[in-house]
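Subject: Handover of a structure and notes on it

Dear colleague,

Please find the structure below, together with its sequence. My notes on what was found in it follow directly after.

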Amino acid sequence: MHALIAPDKFKGSLTARQVADGLAEGMRVPGVEITTLPLADGGDGSVDAAVSAGLRHERVRVAAALGDVHTASYAHNASTAVVEIANTCGLGTLPAGHKDPLRASSLGAGQVLRAALRHRTPRVVLALGGSASSDAGVGLLSALGVTFRDDAGHILTPDAASLPHIARIEGRPLPELDDVELLIAGDVTNPLTGPDGAAHVYGPQKGADAATVQWLDTAVTEFVDVLSHNGFPAAPAIAARAGAGAAGGAGFAAMLLGGRMVSGADFFLDLLDFDTHRAAADLVITGEGRIDRQTAHGKLLSALAARAHPTPVVAVAGRNDLPRREWARAGFTAVHALADLTSSDTAADPVLTTQLLTQVGRDIAREHGRSAGIPADTERPRSG
């Protein structure tokens, strides 16, 4: 039996590589051949997934979400560069998890994008998941050559708090962008403003209370109007597009630069050559931190399951809230949840999570190896 282990990360606990390795450890029994393929969908782990596909890893010093300089990374080869907002200025770069939706900026993402443009790859992918900012992309634009000034001509800090004070917009984006296909990888379809926009839907996740959400939505709406009268006449139409609200409006800024939204799941499945790996597999094992009804609606695991058909797909999650009657419709032969094996919070215990993944891998090898005559390890280890 040839098993392809292709999971996403268990957010806050293990990377996709660590999840794959934990499952593979349990499946290493005679008769089972294993290929591991850590995945990403445009969120954190996107650069790591690109590196595992053979792209070169580069490090660069840039601004974190609240301006502190830190080391971020991107990946590139001769044809593609992958930039990730999560490891650059995302929620994970906030000091001690301190959320500040008015001061958090997308500046660092623009700085990494600028560094990636030096390689002159014909295609640059901007992975927008895991962002901390709600700045409508002013940070991203600032790093790429656009200057924002108030009525007195003072240059403003590139964050959401400055949005109501922007009176003049100067400069133009880097000319290097003119010859680049800019792809925006993610699964967010929200517009920039309004009840389904970035502030109302994602602002609370970034620390905004009800009053701040309304303030942000108003400030971003006014910013779009200023843009339309300062060299970006298409801004209102772009703000209404699906995906403009991604990453607190960084999706909108990337669209202003000529970027095109693509499915993060499908892009990374293609980049990692999933279809070729799947064609050689008798069984696909995938997973993520939580599986629920949203999993079946355009998320990475559902895209993978659709591509894997008719190869059986077994899903593994830290927690599973998808009823058994809906497993087949989601494309899963079976679903294993770590929460069913322990009373402990696996999300807060990476060591336990790895141990349980190994146990689940052993169970999967036993259950699916019977028809191939693979010896079963019937002893079930105890877990804490």
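I begin with helix H12, where 8 of the 9 residues are buried, so this helix is largely enclosed by the rest of the structure. The buried residues are Leu300, Leu301, Ser302, Ala303, Leu304, Ala305, Arg307 and Ala308. They pack against H10, H11, strand E11 (283-291), E12 and helix H13 (327-330). Please bear in mind throughout that this is a predicted model.

Confidence in the model

The average pLDDT of the chain is 93, and 96% of the residues score at least 70. One stretch calls for caution: over residues 377-384 the pLDDT stays under 50. For this stretch the model has 17 contacts beyond four places in sequence. Where pLDDT is low, the predicted coordinates should not be read in detail.

The surroundings of H12

The axes of H10 and H12 come within 9 Å and cross at roughly 50°. That angle makes H10 oblique to H12, and H10 passes H12 in a right-handed crossing. On the H10 side the contact involves Ala265, Asp266, Leu269 and Asp270, which meet Leu300, Ala303, Leu304 and Arg307 of H12. By class, the residues of this contact of H10 with H12 comprise 5 nonpolar, no polar and 3 charged.

The phi of Asp273 is near 55°, a positive value in a residue other than glycine. With a relative accessible area of 38%, Asp273 is partly exposed.

Between H12 (300-308) and strand E12 (313-320) lies another loop, in which Pro310 is found. A cis peptide bond joins His309 and Pro310, with omega at about 10°.

Strand E12 itself contains Asn320. This residue is partly exposed, having a relative accessible area of 21%. Leaving aside neighbours within four places in sequence, Asn320 is in contact with Ile291, Trp327, Val335 and Ala337.

The loop between H4 (107-117) and strand E6 (123-127) holds Arg120. Although Arg120 is not a glycine, its phi is positive, at about 55°. Arg120 is exposed, with a relative accessible area of 66%.

The loop between H5 and E7

Gly145 is placed in the loop between helix H5 (138-143) and strand E7 (147-149). The relative accessible area of Gly145 is 29%, so this residue is partly exposed. Not counting residues up to four places away in sequence, Gly145 touches Arg114, Glu170, Gly171 and Arg172. Gly145 and His70 are 75 residues apart along the chain, and their C-alpha atoms are separated by 21 Å.

The pairing of H1 with H14

Finally, I would draw your attention to a pair of helices, H1 (residues 16-27) and H14 (residues 350-369). Their axes come within 6 Å and cross at roughly 45°. H1 and H14 are therefore oblique to each other, and H1 passes H14 in a right-handed crossing. From H1, the contact is made by Val19, Gly22, Leu23, Glu25, Gly26 and Met27. From H14, the residues taking part are Thr354, Leu357, Thr358, Val360, Gly361, Arg362, Ile364 and Ala365. Together, the residues of the contact of H1 with H14 divide into 7 nonpolar, 5 polar and 2 charged.

With kind regards

Terms used:
Residues are numbered from 1 along each chain as its sequence is written. This is a predicted model: local features need pLDDT of at least 70, side-chain atom pairs count only at pLDDT 80 or more; totals for chains, interfaces and linings use all residues. Side-chain values use heavy atoms; hydrogens and water are left out. pLDDT is the predictor's confidence in each residue, from 0 to 100. Contact means heavy atoms within 4.5 Å. Axes are lines fitted to C-alpha atoms, for helices over the stretch in contact, and angles run from 0 to 180 degrees between N-to-C directions. Helices (H or I, at least four residues) and strands (E, at least two) are DSSP runs, numbered from the N terminus. Angles under 35 degrees count as roughly parallel, over 145 as roughly antiparallel, 65 to 115 as roughly perpendicular and the rest as oblique. A crossing is left-handed if the near helix is turned anticlockwise from the far one by less than a right angle, and right-handed if clockwise. Ala, Val, Leu, Ile, Met, Phe, Trp, Tyr, Cys and Pro count as nonpolar, Asp, Glu, Lys and Arg as charged, and the others, Gly among them, as polar. Buried means under 20% relative accessible area, exposed over 50%, partly exposed in between (1.4 Å probe, protein chains only).
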